[in-house]
Amino acid sequence: MRLLYVHASRFSYRTVKEAIESPPDPPASGDHENCLVAFVSVEEGDDLGVARRAVGDMVSHAERLGAREIVIYPYAHLSSELAKPKEAHRVLTAMEEAARASWRGSVYRAPFGWYKAFELSCLGHPLSELSRQFGREGLVIFQGLPLEEAIAKGLVEDWLLVKDPWDAEVKDVASRLGAEGERIMMLELENMLAMATGAKGSRSIEAPKALYGIWGAAGLLEACAKAEEGINGWGAAGDSLIVTQAEPSQLLSPLSPGLLEDAKEVAVSTGAGDGRALVYRSRRGGAPIAVEIGKKRCVGPVRSILLSMIDRALREAEKGVTPSLPPQIMPIQVALLPVSEKHLAFVEGIRRSLRELGVRVKIFSSGGLGSRIRETGRLWVPLVGTVGDREVETNTVSVRRRSEPGKQEVLKVEEFLEEAKRLRGSLLV
Ligand code: A3S
């Protein structure tokens with residue numbers, strides 16, 4: 001939609017001749033003082049959302065001017081992409097109603113479909129002439145149709161219409177690891193992806209309009225079009241897209257091999273151009289985890305990648321595989337369990353060594369040994385070391401690995417530290 005605002009001390013008009021076949025409005029004339037005249041060209045694709053945005057702008061401008069009246073004047077000369085008369089008339093009448101509903105001054109609309117003579121005395125102050133343009137934001141085309149229409153016609157698969165693709169179990173695991181734990185995992189993933197893509201620095205971008213399903217595909221494509229080198233964030237750690245030259249699959253499969261088996265390419269066009277989204281199909285819905293629009297590629301949102309990895313691990317668990325995530329991103333990489341108080345000093349020594357190696361380690365000392373071991377399982381801890389009298393005497397650690405459930409092995413402390421070191425680093429270099 002294109003508009004020309006003129007703040008006029010006087011504006012009068014009268015219909016002269018019909019300009020279209022049986023105009024929807026009868027002939028009329030008008031005479032206004034201290035008014036904001038809005039010459040309006042309704043354009044192809046303008047919907048009521050555009051009309052509402054234009055009216056909001058028009059009313060606030062009339063306020064700012066101290067105008068007493070608004071005259072909405074149909075004007076087919078400000079655009080080369082005019083909407084058809086019927087559609088244009090519908091939008092203009094909606095604007096008149098919206099303006100009347102939101103402004104205490106008087107609102108008029110000049111007759112549609114006529115050639116009209118007018119006289120206009122522009123006041124000439126700095127704000128007395130302004131032009132405006134309102135486009136269709138969020139225009140989304142799917143299989144050649146506006147998205148809403150494609151959905152109505154059943155062209156969008158159900159799993160892409162789910163607003164929240166994470167079931168309670170996925171959310172439970174994420175919350176079990178704790179907010180701090182989740183934040184550590186997001187930062188680890190973000191840093192791995194940033195390093196792997198040679199990204200420098202980070203910047204804030206506007207939050208995508210949606211994150212999941214077909215709406216998320218469109219919203220993330222628009223966000224990707226605006227994203228630049230590096231981490232493009234819009235909220236907490238993990239609410240981010242990372243621009244990449246690489247094929248997203250090269251980045252995503254090392255993070256979670258099975259992730260791509262459950263992902264599907266979805267083609268979507270938005271105001272920013274034609275694009276494709278790689279959508280992970282969770283047990284409940286769909287989460288885009290990489291998007292490509294024109295030449296621009298983004299991997300992310302990082303939060304969706306992490307939750308997809310958890311969903312994927314839980315899907316494995318349905319087949320009897322112990323669910324786990326790459327140790328490199330785990331908030332607790334090593335758990336140390338002293339059998340009793342008197343073993344704590346020895347365990348503290350191992351914890352210090354691990355921390356010096358940059359390993360994320362936590363001592364579990366309260367409660368029975370069995371319940372502590374179960375707790376490390378609930379937290380998906382990759383490596384669990386237990387220390388009792390025998391281990392202190394022989395300078396060893398009794399080790400359980402999440403990747404080898406049911407197996408227990410005694411390692412020298414040095415060997416244990418060596419193994420723990422391998423839990424660090426990036427999965428992508
Ligand atoms: O084009 C002939 C008349 O029909 C109306 N009209 C539109 N107005 C706004 N946006 C559109 N997309 C329109 N399509 C048709 C106008 O009333 C137009 N008349 N100022 C007069 C005389 O030119 C005029 O524009």
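Predicted model: local features only at pLDDT ≥ 70, side-chain atom pairs only at ≥ 80, totals over all residues.
Q: Which residues of α5 are buried?
A: Burial is judged by relative accessible area, with under 20% counting as buried. In α5 the buried set is Gly181, Glu182, Ile184, Met185, Met186, Leu189, Glu190, Met192, Leu193 and Ala194.

Q: What covers the buried residues of α5?
A: The cover includes the helices α4 (168-176), α7 (248-255) and α8 (302-317). It also includes the strands β10 (231-233), β11 (240-243) and β15 (296-299).

Q: Which residue just after α5 takes a positive phi?
A: Gly198 does, with a phi of about 65 degrees.

Q: Which residues of α2 are buried, and what do they pack against?
A: Ala88, His89, Val91, Leu92, Thr93, Met95, Glu96 and Ala99 are the buried residues of α2. They pack against helix α1 and the strands β1 (2-18), β2 (29-41), β3 (69-74) and β4 (106-109).

Q: Is His61 buried or exposed?
A: His61 lies in helix α1, residues 48-65. Its relative accessibility is 0%, so His61 counts as buried. Leaving aside neighbours within four places in sequence, His61 is in contact with Tyr5, Leu36, Leu127 and Leu130.

Q: How many helices and strands does the protein chain have, and why is it described as more spread out than a compact globule?
A: There are 12 helices and 20 strands in the protein chain. Its radius of gyration is 31 Å, well over the 22 Å that the globule rule gives for 429 residues, so the chain is more spread out than a compact globule. Along the principal axes, its C-alpha atoms fill a box of roughly 105 × 45 × 35 Å.

Q: What share of the residues is buried, and what share of contacts joins residues 24 or more positions apart?
A: Buried residues make up 50% of the 429 in the protein chain. Among contacts with a separation of 6 or more, 73% are between residues 24 or more positions apart.

Q: What do the surface and the charges of the protein chain look like?
A: The protein chain exposes about 20000 Å², of which carbon and sulfur atoms supply 51%. It has 56 positive and 58 negative side chains, and the centres of the two sets lie 3 Å apart.

Technical notes
Residues numbered from 1 in each chain as written. Heavy atoms only, no water. Helix = DSSP H or I, 4+ residues; strand = E, 2+ residues; numbered from the N terminus. Rg over C-alpha atoms; globule rule 2.2 N^0.38 Å. Buried < 20%, exposed > 50% of the residue type's maximum accessible area, 1.4 Å probe, protein only. Contact = heavy atoms within 4.5 Å. Areas by Shrake-Rupley, 256 points an atom, 1.4 Å probe, with all protein chains shown as cover. Lys, Arg positive; Asp, Glu negative; His and termini not counted. Charge placed at Lys NZ, Arg CZ, Asp CG, Glu CD.
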